Amino acid sequence: MLKPEEVLKFYAYTTKMHREDLASELLKFDDVHLEPPQGLPGVKPPQDVESRELETYEEIVRALERASALSGIPLSLIVKSSERNSTGGNDSKSLISELDGIVGEYLKIKKEIELSKKAKHLLKERSEKMKEIEEELSEIEGKILSYYSAALEVVEEDPSKLRLGRALLEIDRGLLRSSSLLKMASDRSLSLEDLNEIIKNIRESLKETKIRINELSSEAKNLTEISKISEKIEEIMGKIDYILNKIAECNSKKEKLAELRVVDSLWKKMRDSVKRVPELSPIIAEREPVISKVSQQMSILEEEIDAIDSEIRGFIEKISDEFSNIRKDFSTIREGLLSIKVVVAGEAERRVSELIENAKPLIAERGKIEEEIENLSKLVDKNYIKDLKKKEKDLKSKIIEISAELAAIALSLREKALMQRIGMLMYEGEEICVISGWVPKSKKESFERKLEERLGEFLALEFEESEWEEAPSRIRIPNVIKPIRLLTHKLYGLPSVRELDPTFLTAIFFPLMFGMMFGDLGHGITLALFGLFLWKKTSGSMKELGGILLYSGIAAAIFGYLYGAFFFMSITEHPILSPLHDTMRLMAVALIFGAFQMSIGFLINTANKLLEGDLFAAFLEYRGLMTFIMYAGAVYAAIRNNASIGGTLSDPLFQAMSIPLMITCVAPVIRSVREGHGVGEGLSEMVSTLLESVLALFSNSLSYIRLAAFAVIHEVFGILTVQLMFGKEAIMVNEFASLLSPLALIGFSLMNILVMGLEGLLSFIQATRLTFYEFFTKFYRASGREFRRASELIEPLIPE
């Protein structure tokens, strides 16, 4: 069990001339947590602090992290290579730019190499696609040629016919559009507003058509029939103008009707109000004749609106019939003037334009695919791939070379960058500067001596005992259990200086819980080897995860030996503990383990409260010593009565545990009265304490049954796998070779991998849950903050 080291807050004052000396000495001492001196009068944050080296260092670190992540080259290798490199005085910015460019080229080459693995398949796909596009383009080309041939034939016979055919087709399209709009306007469900817009569009369409007819008539004087069509369109346009006027008139009457309806509505409301005030009845009676005229006008307007609406609808139907006749007349004229060849020729210009537009995306796609085929053709060439791999190797070497040079520059700048970071934490007055921080109590004298040796009379050093809640937590953990920090410090939080650190106990309890659920000698060894690989080959959180998996795998292997399981095969016919056949015994072990772990939690909470100086909470309140006595006594009573409910309830020891239970329940009332909050607030806490002491503890204890349940599930998976592969409930390790076949080996391996992945993840989650919710909640508040040494103020080149 570890506890954060006691630290003292200090304030170090010096003159502005000696600020660099102070920063240098703080960095040399290193074991200090530095902060800006907040709240001191007469000082303020520093102005114009030199930070060029700090900015360069941070820029280099980001560039190296970026290059490492994209190229897959470990930062440790880069830093190791930098030890053989001199800084050479090269400009870091140009090196970073060069590195980014080479990394981009490296990724491009790497992508080509990856693409080469499936180049043959892609080349076949692209060739088939190219064939489809060529066929479509050939079809379009054939259509274009046929249109041009038709147009050429007509031009050779009589060039004027081609122009005539084109003009007549344009007129026909205009008449067709007007006809479609008239059909829409004939829908009686349309409102007058929508109808008005459609009628306007019809008029515009007819106007354009009439202009084309007039142009054609002026060029060909002998087309008198076409002129008659123009006159009929002029008549219809006059009728359309009449309809538009009628719609405007109808809208005007609707507006007037709406105004009268508002008046009528207000009058009705006034009449309703008068019923409650009889004195106003004579006034209302005088105005009644006037209002009756309003009602009459409303009725007249409604009739007029309906009449106009009917007239408009009827008029549109007549125009639609007349227009149908115009189209028939025009069709007769067109057919008399044009042959099929001329019609086709007249369509040629428009159709060819459409076909060309359709061909454009196909031509663009063909160009793109041609380029892809050219590139893919290279990727099936062995010599080209060989050259790519050589380039990849050369680029990788170049990345390491430039990265190492940058790392060397960063390492040479690190001390200066740290000095500048410390300088930013120093506040300034008129003549002095000051920095605050925390130093371990055990190193107070050596810290004071080191600073005085360097600064002498230019140093003023003050120490103070601050509130422990403010102090950072300086925790020293043995290397062997450092991976467990991932669970405690990183996922849950840091302990405060008055709180015991559970990392050491977690390093014992977590692997045990995982191993019990995941007990298999073969799976455990495999997991441990995988964890060892992560521990050796990765950094940061992945490295710590590797350490946790290493310990958990060892525990799983030990439990696997107890269960007699090795990759779902049996080591012995009579294992020490069989999850399937000794389920009750395994459940008892799980529950006893849970009770022991929770009891430890209560003892740690008692110690934490003693460290905080809260004796009342340590001995009397929930989760303190009284809770430990009550819980341990109740568990012992249950054990000695073989978990018999009747026997346990009648046991004098179990009954005696009601005394510490009552003490913990009454404690909140006593504290509430002592602190001046009254009995009421304490009573509500007393009820919640009683419920937590009885129901929550019982529920928390039963949660540990999952340790046995997952062990049983693991063995059931093994039985199902063996039955599926070999048709037997169990096989011995020495039988495996005789039953082995290639198909059985593949299936057996896949089942083992599947179960290891799925159940390993579930066991990890369950062990984490039991650690966090059943264990840590009994004592661990994790309210601390990290103690960062001076050398940790800026990011290291290689993350821990």
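A residue is called buried when its relative accessible area is under 20%, exposed when that area is over 50%, and partly exposed in between (1.4 Å probe, protein chains only). The legends below describe a predicted model, in which local features need pLDDT of at least 70 and side-chain atom pairs count only at pLDDT 80 or more, while totals for chains, interfaces and linings use all residues. Residues are numbered from 1 along each chain as its sequence is written, and side-chain values use heavy atoms, with hydrogens and water left out.

**View 1**
Rings of Phe, Tyr and Trp (for Trp, its six-membered ring) count as a pair if their centres lie within 6.5 Å, and the pair is stacked if the planes are under 30 degrees apart, edge-to-face if they are over 60 degrees apart, and tilted otherwise. By this rule the protein has 22 aromatic pairs. In the pair shown here, the ring centres of Phe-514 and Phe-518 are 5.3 Å apart and the planes stand at 45°, so the pair is tilted.

Phe-776 and Phe-779 form an edge-to-face pair, with 6.1 Å from centre to centre and 80° between the planes. Phe-776 is buried, at a relative accessibility of 0%, and Phe-779 is buried as well, at 4%. Ring pairs join these residues into a cluster whose members include Tyr-492, Phe-509, Phe-593 and Tyr-704.

**View 1. Two arginines over aromatic rings.**
A charge is said to sit over a ring if NZ of Lys or CZ of Arg is within 6 Å of the ring centre and within 35 degrees of the ring normal. The charged end of Arg-474 is placed in this way over the ring of Phe-787, at 5.8 Å from its centre. Arg-674 lies over the face of Phe-616, and here the distance to the ring centre is 5.0 Å.

**View 2. Cys-433 and Cys-665, two buried cysteines.**
Cys-433 has a relative accessible area of 0% and is therefore buried, and Cys-665, at 3%, also counts as buried. A disulfide is a covalent bond between the sulfur atoms of two cysteines. With a disulfide taken as a pair of cysteine sulfur atoms within 2.5 Å, the count for this model comes to 0.

**View 3. Ser-672 in helix 22.**
Helices (H or I, at least four residues) and strands (E, at least two) are DSSP runs, numbered from the N terminus, and the protein has 26 helices and 7 strands. Ser-672 lies in helix 22, which covers residues 658-674, and at 4% relative accessibility Ser-672 counts as buried. Leaving aside neighbours within four places in sequence, Ser-672 is in contact (heavy atoms within 4.5 Å) with His-677, Gly-678, Glu-681 and Gly-682.

**View 4. Asp-381 in a loop between two helices.**
Asp-381 is found in the loop between helix 10 (340-379) and helix 11 (382-425). With a relative accessible area of 36%, Asp-381 is partly exposed. Asp-381 and Ser-116 are 265 residues apart in sequence, and their C-alpha atoms are 9.1 Å apart in space.
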